[in-house]
Amino acid sequence: MNILITGATGYIGSHIALVLIHKGYNVVLYDNLSNSNHNVNTALKIITGKIIPFIHGDIRDTEKLVEILVDYKIDAVVHLAGKKAVNESIQKPIYYYENNVAGSISLLKAIEKVNLKKVVFSSSATVYGNPQYLPIDEKHSTNPTNPYGQSKLQIENILFDYTKSEQNFGVACLRYFNPVGAHQSGLIGENPKGIPNNLMPYICQVATGKLPYLKIFGNDYNTHDGTGVRDYIHVMDIAEGHLAALNLIENTKGWHTINLGSGQGYSVLEVLITFEQTSNKFIPYKIENRRPGDIDICFAKTEKAEKILKWKAKRTLNDMCWSTWNFHLQSFVNNN
Ligand code: NAD
Ligand code: UFG
């Protein structure tokens, strides 16, 4: 099966590419490199021993996409390309809607033109907004609280309407919770530019001495230790979830919304302590004010994924912390 991955050199896309290549899929990588680097393709080559076609392109370029879908006889698209920073989306909403929503419409136009029938879409738990109950299942109301989340929900709605209008069209819409960790080789992983917004990359930069201490955003939440609780899931589990989703839409048409989470919540302090134990590094921290927009607890109900995808996250918080740290150590060795 021939798969086009958009956003393929990004953090999650590169791990999906690895898993699919290992399973024997022919993968074509597509990315405009706005938030990733061409070196990722070199790393994929080293890990897999295969030359993987990479196309430097933007999802807003419909004609280029049509050409690639035809030239590579693509059977399914795994669509990850998009901007993902919540704060940036509040500052630049038009840019987010243009890139994420207009970009996805452009991709769908190309898909329609070549009569392609299978899409896996990267959505986010952010579409649920503030949890009304826990664990969050797929029937939970959607009410995103920022333009990034809105852009994800709008793409979901567009894909849903298209699925209803097109016979034999199949979409797996995967709502990720908090992806962290890296491939065991340490050659690919999450490498955000500038000061990280998310917990795990921030902890890493404290561990390497780039940042002096972790700012814990509040210890007065309604949780067992007062710090925020999230559903962290290993990026390799996420990648394997995409493999299962491709199997699903190979055999089943129509629309499927599925949570990809571990179903398990961990607090900021639990993540910090586990990271210290696995890396053998001391992580200094200070308790600061709550971050605006943050919630107490969020974790997924995972039964639907288990039932429909026959997939379940299997890696532990230890694995997530160790692989993140291993990636940072390897990057340090390779860049020095
Ligand atoms: P990432 O930024 O590492 O990867 C996204 C990739 O898309 C980047 O390589 C970027 O260069 C590319 N891209 C952006 N706009 C593009 C465009 N117009 N044309 C072509 N390429 C473009 O982010 P990630 O963490 O790998 O996230 C991948 C997807 O998963 C995103 O759609 C994101 O919204 C979604 N998601 C991520 C998380 C998370 O916490 N990482 C959580 C939920 C959902
Ligand atoms: N946190 C800190 N200090 C930091 C960073 C984070 O204490 O420097 C805390 C947060 O307050 C929160 C927890 O760590 O309690 C996790 O925060 P992240 O920023 O890592 O993750 P979020 O749950 O806030 O958001 C992430 C993505 C969103 C996505 C959401 C749900 O950034 O894009 O998960 O999938 F929508």
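## Ligand 1

An oxygen atom of ligand 1 lies 3.0 Å from a polar backbone atom of Ser-34, which is a polar contact (a pair of N or O atoms within 3.5 Å). The model is predicted, so local features need pLDDT of at least 70 and side-chain atom pairs count only at pLDDT 80 or more, while totals for chains, interfaces and linings use all residues. Residues are numbered from 1 along each chain as its sequence is written, chains are lettered from A and ligands numbered from 1 in the order in which they are written, and side-chain values use heavy atoms, with hydrogens and water left out.

Ligand 1 is surrounded by 27 residues, counted when a heavy atom lies within 4 Å. The closest are Asp-31, Asn-35, Ser-36, Leu-80 and Tyr-148.

## Ligand 2

Around ligand 2 there are 22 residues, and Phe-177, Asn-198, Lys-215, Arg-230 and Asp-294 come nearest.

Oxygen atoms of ligand 2 also take part in polar pairs. Asn-178 places a polar side-chain atom 3.0 Å from an oxygen atom of the ligand, and an N or O atom in the side chain of Arg-291 is 2.8 Å from an oxygen atom. From Leu-199, a backbone N or O atom lies 2.9 Å from an oxygen atom of ligand 2.

## Helix 7 and helix 9

Leu-199 also belongs to helix 7, where Leu-199, Met-200, Ile-203, Cys-204 and Ala-207 meet Val-268, Val-271, Leu-272 and Phe-275 of helix 9 (contact means heavy atoms within 4.5 Å). By class, this contact has nine nonpolar, no polar and no charged residues.

Helices are DSSP runs (H or I) of at least four residues, and angles run from 0 to 180 degrees between N-to-C directions of axes fitted to C-alpha atoms.

## Helix 1 and helix 8

Helix 1 (residues 11–22) packs against helix 8 (residues 235–251) at about 60°, with axes 8 Å apart. That makes helix 1 oblique to helix 8.

Residues of helix 1 in the contact include Tyr-11, His-15 and Leu-20, and those of helix 8 include Met-236, Glu-240 and Leu-246. By class, the contact has 11 nonpolar, two polar and one charged residues.

How values were computed. Helices (H or I, at least four residues) and strands (E, at least two) are DSSP runs, numbered from the N terminus. Angles under 35 degrees count as roughly parallel, over 145 as roughly antiparallel, 65 to 115 as roughly perpendicular and the rest as oblique. Ala, Val, Leu, Ile, Met, Phe, Trp, Tyr, Cys and Pro count as nonpolar, Asp, Glu, Lys and Arg as charged, and the others, Gly among them, as polar. A polar contact is a pair of N or O atoms within 3.5 Å; within protein, one must be able to donate a hydrogen and the other to accept it, and residues adjacent in sequence count only if both atoms are side-chain atoms.
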